[in-house]
Protein chains: 2
Amino acid sequence: ETKIPQWRSYNFQSRILNVVVAGSPKPEDVSVNWIKPGTVVVNCCRDFHSEKYHGQQSSHPVEHDVCSLAIAMRMQNMVKSLERWIQSQQYRKWDIRCLKLQPRSPVPSDIEISRAQSPKAVDVLAKEIGLLTDEIEIYGQTKAKVRLSLLERLKDQPDGKYVLVAGITPTPLGEGKSTVTIGLVQALTAHLNINSFACLRQPSQGPTFGVKGGAAGGGYAQVIPMEEFNLHLTGDIHAITAANNLLAAAIDARILHENTQSDKALYNRLVPVVNGVRGFSTIQLARLRRLGINKTDPSTLTEEEISKFVRLDIDPSTITWQRVVDTNDRFLRKITIGQANTEKGFVRQAQFDIAVASEIMAILALTSGLADMKERLGKMVVANDKKGQPVTAEDLGVTGALAVLMKDAIKPTLMQTLEGTPVFVHAGPFANIAHGNSSVLADKIALKLVGEKGFVVTEAGFGADIGMEKFFNIKCRSSGLVPSVVVLVATVRALKMHGGGPNVTAGAPLKKEYTEENLQLVADGCCNLQKQIQIAQLFGVPVVVALNVFKTDSPAEVDLVCEIAKRSGAFDAVPCNHWSAGGRGAVKLAQAVEKAASQKSSFKYLYNLELPIVEKIRIIAQKVYGAQDIELSPAAQSQVDRYSRQGFGNLPICMAKTHLSLSHQPERKGVPTGFILPISDVRASIGAGFIYPLVGTMSTMPGLPTRPCFYDIDLDPATEQVKGLF
Amino acid sequence: ETKIPQWRSYNFQSRILNVVVAGSPKPEDVSVNWIKPGTVVVNCCRDFHSEKYHGQQSSHPVEHDVCSLAIAMRMQNMVKSLERWIQSQQYRKWDIRCLKLQPRSPVPSDIEISRAQSPKAVDVLAKEIGLLTDEIEIYGQTKAKVRLSLLERLKDQPDGKYVLVAGITPTPLGEGKSTVTIGLVQALTAHLNINSFACLRQPSQGPTFGVKGGAAGGGYAQVIPMEEFNLHLTGDIHAITAANNLLAAAIDARILHENTQSDKALYNRLVPVVNGVRGFSTIQLARLRRLGINKTDPSTLTEEEISKFVRLDIDPSTITWQRVVDTNDRFLRKITIGQANTEKGFVRQAQFDIAVASEIMAILALTSGLADMKERLGKMVVANDKKGQPVTAEDLGVTGALAVLMKDAIKPTLMQTLEGTPVFVHAGPFANIAHGNSSVLADKIALKLVGEKGFVVTEAGFGADIGMEKFFNIKCRSSGLVPSVVVLVATVRALKMHGGGPNVTAGAPLKKEYTEENLQLVADGCCNLQKQIQIAQLFGVPVVVALNVFKTDSPAEVDLVCEIAKRSGAFDAVPCNHWSAGGRGAVKLAQAVEKAASQKSSFKYLYNLELPIVEKIRIIAQKVYGAQDIELSPAAQSQVDRYSRQGFGNLPICMAKTHLSLSHQPERKGVPTGFILPISDVRASIGAGFIYPLVGTMSTMPGLPTRPCFYDIDLDPATEQVKGLF
């Protein structure tokens, strides 16, 4: 038996590393496992001895000798590889091989462009940006999940600059925030040789087959392979769906069982005798403590205590937890469930939402780690009991199971842009009823990886009045991260609409006002741009306006927008051509962003959490939307009272408002004033940690049109290539 | 610029290989891509030159020279690695490093055992069993998908032996078919040093959180990590759910749009003018051809043709396509959908099934490749039109989208047993209404990988009267594979039940008849064992009985069963202790199976497909179940007539019958006789390719009990370890 481990030690940033050498360390085989600050285990990923290190033996004794030899011979490499590793702990400018672009004109379809580029193997990209072998979990050739342990390893490293891409009030066609985000990082890293990361939302799969199509950016500013990005990715949304629906099933099943059994019968089933022993599960003991019953022996509970313990007494009319699917299925918007005889007539009306509308998605986007996620999952309120007290996932005993279902989803997914620069795809909460920003964890990891002089660019859903406001007041508050720059995306098309241009509707061809030069419409429409700039300034963050140029925009129109933007307080304003030219088309934007980031940002939140719920809503309505005041419906008011009573009054506010106008009326373009913002209802995502007032009705389930996208989507069985995605 | 590619050629099995060398070929970096018989491209997976080979350029010119040097220097290695690769094409006994087991007593929980073993990195396992680097897609450390291209590479290699594990009529607790399957391969490979593969079904996630728990085997015969096996795995079931529900949503949306629009409006939306051009999509052209309209110019269709084209005219009362979730959600067994105002009152009654009950799962299990899967998906019948003609997924235009959603699910997932031997996990069709066998593709790939002298062991759900019968008549018929041996799993417990022992019910403690020696009950119960042996013999395949020994079984009981089994025509009968001892406990079984496999099997199907549907049902009922005759309800008869009329009369039969008795009455144990088998209804899975008669009602959606498994399931945020799975 060869004697392993051997000990060596290295000085690393004024700490001593104790290095356990196990196995035959060919440099390319060495993997380094962080155990705790100051200690690492180095072992050879593809070697039997690493197993012996775990107390086992090879079934082929002969291999031992071969290998013991190898050890001796290779110790030299061992040392080299360790020195390399120690370097990898320090910040460095990435030595990243970018992928060359040869943009064609006219610009081909997104899927053609994506397919024409062959991505780097994701493990190569991971190595380029300083990830260690055991910090990634590869999913096929082009996707990898990144372990959260990296945050511990690099916790002493300073963060990079934090850039938010937001937009003016858009047309229904969208103004290209995602393409700007991708174009910007392609410019920073592939053309200016600055470390940068894009952090994007994972798109819902439903709309990919409905109307919208994909969300990987577009043209020559895309995440590739776009079909991987737009389809299952690494299964995070599927995991959310499974967790969400397990909880939903648990609610109705529990109501049924409580309604059909005596306290005694319930107690015998909930706390059964197993092999002669009767005991509470951990989660049941926690519930007992919450009920103020400090007993651990099931036989000692009084009848009253048993009754308190076994009955959640859920009031079905108060259930707010809905089932979800990641499919555009309009027929599930309102349904009646429980109509089979086996459910004994306990029917009720319910609904399915699109999966990304699940509170669990909002939690994934805001959580800081496994322990925090588990706590948030347990705190989710699903209904009230008949006394008006909140009933949580923890009360239903399902917290642990939900955490288990989500254990991999919590790791961000690494992909790459068309030019081979790194991208994180992680979480995509529904902007309608949630905060619509990608995950805090992806941003935090990316900020460590890019290092002090690097940039992390992320995106806020909808217009700045919604997405950016939520990004600052909800996401940044939860993460503690401070943004350096806001990139505000505008298009001549949207500005003309705000200036009084005719309606823009998806599907229908654009009116000539939008395809021919019209400086007056542009000038008039800039009021919306100006207002959105002012909103960003409320938070004390410098604004760079990115004008996403279309081929129909005239030079005069482009100049006019940039000039007005600067006059309106933007730090800078630049035209971008990333869609047709890739990163090269966004170099000016990248330079402007870099300059703006060198300003010190005096970031501040818009409101204090201690304020009453209604006060917080009013501040957003007046300061951000420009409303004269707000008006709560009786239903909304009683919800506000309930949440305040239940102790949820100090949560931030997540407005559910149309993105097509600063006001609540989609048809009011430009900068509406003098309106009263009607709050029809107020709901809460306690686990995610926000109250969401509904301004009018918000659809949480898209539908399929007469001719859905899927008519054009196909798979070539010979080449395995996907066609028709866009 | 260095000149690549270089050419060399090698003699390989009397064929000439033309080898294109691109990039710097360090042996460990070389990947080999099969292009067509006789030609391979060898290139370096992590090298810029491989990119240049794709017509691109590195952004770091300096690297070229470094690399051109490298090429010259490493050509020698190149040659070596090629020779290695050429060897890898030939069959060889695996040089596989098995994981050592040190079984403890009493046997710990499944999850403890699974966690105590550290699995090999899956890429190491893949290399050990002869998979090439580019034939696997790694999912994390312990799972990998295997590309179907392997079937082309090894098509000239002879198959291994094909072993089916089936069982006698079980108790509700199950008799351990999965553990026998795993124990057998652990014995074959880890203890007898024979190449072997286990091919298992992926379990539904729903029951994992309900009553049943996991399905990775148990004790010291398990697939590890069992939590990966039992949870999302590589997302195949999630992909099926997404595809199934997209089709479901398409059906209802189409009905709504047809009901609310004129022919003209429908036509304008289905065939819109895009950038001035109006054209049919590929899938629409296919539909036109099916309708006998041989036109390609949308402007030339007559009003009548337009009406035929735009209206599927689905009769809502005939819709057989249900939505699915992979959750035990009893409240979705019967629901009313479409109750939101946006659906204009087109409400209808529907249901959700558990995801594995989807026809798409049955297709995944039976398909032979991408092209075949796509064709089957298109052929799925979802309803009838008002003229009584079948409406298919192809008619709805969704075939391509379904194939895209399933493009990764079609690749089997590689995992390993507790002793480090290979396992494929792929497909898990619901045994209630489908054929309950794992995938044909996994079996085919495994049969190539184990080689001529190797063994592939797979499992049939339920008792042999259902699972094995379907395996032979449906799965083997579809794959053309010929089984060598049937392993019939029996337990003393189940035999005592058949001998007249008291009821066995899940949850309740076992009566003493089952924990104390009772030779009479055993002897009487062996009638069921004998009958199941005879059923296997109907198909001309030798039977080895595996008695799954429990610690309460007495030696006399064990001997008695083995003796009776041999008298009843079994080739051999052996006791197994794999649950407590791992592969070592199944060595005798492995030896018996190897001997039995050397017999020539005279395999034949039970019935001819050309027979009328009713005749085929009768043959199964009489020859397999021992029924006196069958009796069709009027509903069943009219369905039979309809399917025959529609041209589906020649499909095999997939009986939906209880597994708790040879008859249709679960309480009738042993070998019931003289009963008339009632066929209440007859349904069809046209894409999967079978007719399934319902014998009584079959639940397609399990429920959650008062105390679901999830009460014990938890995640440790610090160690990321899962607790409480079993």
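This is a predicted model: local features need pLDDT of at least 70, side-chain atom pairs count only at pLDDT 80 or more; totals for chains, interfaces and linings use all residues.
Which residue forms a salt bridge with Lys295(A), and how far apart are the closest N and O atoms?

Residues are numbered from 1 along each chain as its sequence is written, chains are lettered from A and ligands numbered from 1 in the order in which they are written, and side-chain values use heavy atoms, with hydrogens and water left out.

**Exercise 1. Track down some salt bridges inside the chains.**

Step 1. The partner is Glu305(A), with the closest N and O atoms 2.7 Å apart. A salt bridge here is a side-chain nitrogen of Lys or Arg within 4 Å of a carboxyl oxygen of Asp or Glu.

Step 2. Glu305(A) sits in helix 12 of chain A, and Lys295(A) in the loop between helix 11 (282-290) and helix 12, ten residues apart. Helices (H or I, at least four residues) and strands (E, at least two) are DSSP runs, numbered from the N terminus.

Step 3. Check the burial. Glu305(A) is buried at 17% relative accessible area, while Lys295(A) is partly exposed at 25%. Buried means under 20% relative accessible area, exposed over 50%, and partly exposed in between (1.4 Å probe, protein chains only).

Step 4. Now try Glu228(A), whose side chain meets that of Lys143(A) in a salt bridge (2.8 Å, N to O). Glu228(A) is in helix 8 (residues 226-230) and Lys143(A) in strand 6 (residues 143-146) of chain A, so this pair ties together parts 85 residues apart in sequence. Glu228(A) is buried, at 14%, and Lys143(A) is buried too, at 5%.

Step 5. Over all chains, the whole structure has 72 salt bridges.

**Exercise 2. Work out how chain B relates to chain A.**

Step 1. Superpose the copies by least squares on the C-alpha atoms of residues with pLDDT of at least 70 in both. A rotation of 180° with 0.0 Å of shift along its axis puts chain B on chain A, with an RMSD of 0.0 Å. That's the relation of a two-fold axis.

Step 2. Which residue of chain B comes closest to the rotation axis? Tyr139(B) does, with its C-alpha at 2.2 Å.

Step 3. Look at the interface, taking contact as heavy atoms within 4.5 Å. Here 102 residues of chain B touch 103 residues of chain A. The copies meet through the same surface, because 100% of the interface residues of chain B are also interface residues in chain A.

Step 4. Get the area, which is the accessible area (1.4 Å probe) that two parts lose on being put together, summed over both. About 9000 Å² is buried between chain B and chain A, with carbon and sulfur atoms giving 59%. Phe331(B), Thr706(B) and Tyr711(B) supply 9% of the area that chain B buries against chain A, more than any other three residues.

Step 5. Ten salt bridges run between chain B and chain A; one of them joins Glu343(B) and Arg333(A) (3.5 Å, N to O).

**Exercise 3. Classify two aromatic pairs.**

Step 1. Rings of Phe, Tyr and Trp (its six-membered ring) pair if their centres lie within 6.5 Å; planes under 30 degrees apart count as stacked, over 60 as edge-to-face and the rest as tilted. The structure holds 26 such pairs over all chains.

Step 2. For Tyr267(A) and Phe309(A), the centres are 6.1 Å apart and the planes at 90°, so the pair is edge-to-face. Tyr267(A) belongs to helix 10 (residues 263-270) and Phe309(A) to helix 12 (residues 303-310) of chain A, so the pair ties together parts 42 residues apart in sequence. Tyr267(A) is buried at 4%, and Phe309(A) is buried at 2%.

Step 3. For Phe603(A) and Tyr605(A), centres 5.4 Å apart and planes at 85° make the pair edge-to-face. Phe603(A) is buried at 17%, whereas Tyr605(A) is partly exposed at 34%.

Step 4. Widen the view: Phe603(A) and Tyr605(A) belong to one aromatic cluster that also includes Tyr162(A), Phe471(A), Phe472(A) and Phe539(A).
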